[in-house]
Amino acid sequence: RCDVLTRAGSHAGRGFRYQDAVAVYFCAKEYSGQGHHGSVFPEGGDDLELRSATARTLVQVKSRRDHLGPFSPRAATSFIRKMWDAEDVADSDRFLLVLESDVGEHRSAKEELLGLSSYPHIVSELGKSNAADGLIARTQVLVLPNPRSGAIDLIAATQGCTLLEAEIYFSDLLGL
């Protein structure tokens with residue numbers, strides 16, 4: 001007999017679907033000419049890795065169901081520390097935390113890219129040191145509530161197609 005005691009599998013699956021949609025969003029940004037990296041590698045050095053000829057950005061992607069509200073500064077801090085503590089981090093690496101919903105003190109429901117210094121509670125939790133200051137300067141947070149919609153809009157504009165056609169392109173890319 002098998003009893004399902006939790007919905008952990010459902011929650012994890014939702015997180016992976018969000019992560020895949022974020023990867024397609026970054027691909028659409030690159031394809032449209034609005035990206036600055038050139039290559040997107042799912043499960044590269046982190047959840048995603050964005051690479052250009054001269055730089056690498058390690059990306060942590062975190063989803064959160066609406067009814068749970070924004071992420072806590074403590075949770076965001078742990079995500080950032082995980083990126084910073086990766087084994088193969090180079091001194092030139094940049095870091096990007098992509099969140100489906102914002103962090104406590106910010107309540108954005110739209111796409112928003114901010115430097116980590118815009119999150120004083122997180123910066124406070126990370127502590128003060130020369131090493132932390134350097135890492136903070138190389139870290140950004142992107143609130144991306146709907147990567148699917150953003151990618152579809154970019155695809156439609158770049159391809160000159162309808163949103164329905166762009167949805168099909170998005171689905172094909174998501175499958176890859």
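## Aromatic contacts, cores and charges in the chain

F71 is buried at a relative accessible area of 4%, where buried means under 20% relative accessible area, exposed over 50% and partly exposed in between, computed with a 1.4 Å probe on protein chains only. The structure is a predicted model, in which local features need a pLDDT of at least 70 and side-chain atom pairs count only at pLDDT 80 or more, whereas totals for chains, interfaces and linings use all residues. Residues are numbered from 1 along each chain as its sequence is written, and side-chain values use heavy atoms, with hydrogens and water left out.

**Overall layout.** The chain holds 6 helices and 6 strands, these being DSSP runs numbered from the N terminus (H or I over at least four residues for helices, E over at least two for strands). Followed along the sequence, their order is α-β-β-β-α-β-β-α-α-β-α-α. Among the 176 residues of the chain, 39% count as buried. Of the contacts in the chain with a separation of 6 or more, 61% are between residues 24 or more positions apart, a contact being heavy atoms within 4.5 Å.

Across the whole structure, 2 aromatic pairs are found. Y25 and F26 form an edge-to-face pair, with 5.6 Å from centre to centre and 70 degrees between the planes; rings of Phe, Tyr and Trp (its six-membered ring) are paired if their centres lie within 6.5 Å, and planes under 30 degrees apart count as stacked, over 60 as edge-to-face and the rest as tilted. Y25 counts as buried because its relative accessibility is 2%, and F26 is likewise buried, with a relative accessible area of 8%. F71 and F79 form an edge-to-face pair as well, at 5.7 Å centre to centre and 85 degrees between the planes, and F79 is buried with a relative accessible area of 16%. The ring of F71 also has the charged end of R64 over it, 5.1 Å from the ring centre, under the criterion that NZ of Lys or CZ of Arg is within 6 Å of the ring centre and within 35 degrees of the ring normal. R51 is placed over the face of F41 in turn, at 3.9 Å from the ring centre.

**Nonpolar cores.** In soluble globular proteins, nonpolar side chains tend to be buried together. A nonpolar core is here a set of buried Ala, Val, Leu, Ile, Met, Phe, Trp, Tyr and Cys residues joined through side-chain atoms within 4.5 Å. The largest such core has 25 residues, of which V22, F26 and V98 touch the most other members. At least two residues of this core are supplied by each of α1, β2 (48-51), β3 (56-62), β4 (94-99), α5 (147-159) and α6 (163-175), and the largest share, 8 residues, comes from α1. F26, apart from its neighbours within four places in sequence, is in contact with V40, L48, L50, L96, V98 and L142. There is also a second, separate core of 21 residues, which includes M83, L114, L135 and I136.

**Salt bridges.** A search of the whole structure gives 6 salt bridges, each a side-chain nitrogen of Lys or Arg within 4 Å of a carboxyl oxygen of Asp or Glu. E49, R51, R56, D88 and D93 are linked in a network of such bridges. Within that set, E49 is buried with a relative accessible area of 4% and R56 is buried with 14%, whereas R51 is partly exposed, with 35%. Some of the bridges are listed below.

| Side-chain pair | N to O distance |
|---|---|
| E49 and R51 | 2.5 Å |
| R56 and E49 | 3.7 Å |
| R148 and E167 | 2.5 Å |

The pair of R148 in helix α5 and E167 in helix α6 links distant parts of the chain, the two residues being 19 residues apart. R148 counts as partly exposed at 37% relative accessibility, and E167 is partly exposed with a relative accessible area of 23%.

K29 lies in helix α1 (residues 8-32). When residues up to four places away in sequence are set aside, K29 touches Q34, G35, E111 and L154.
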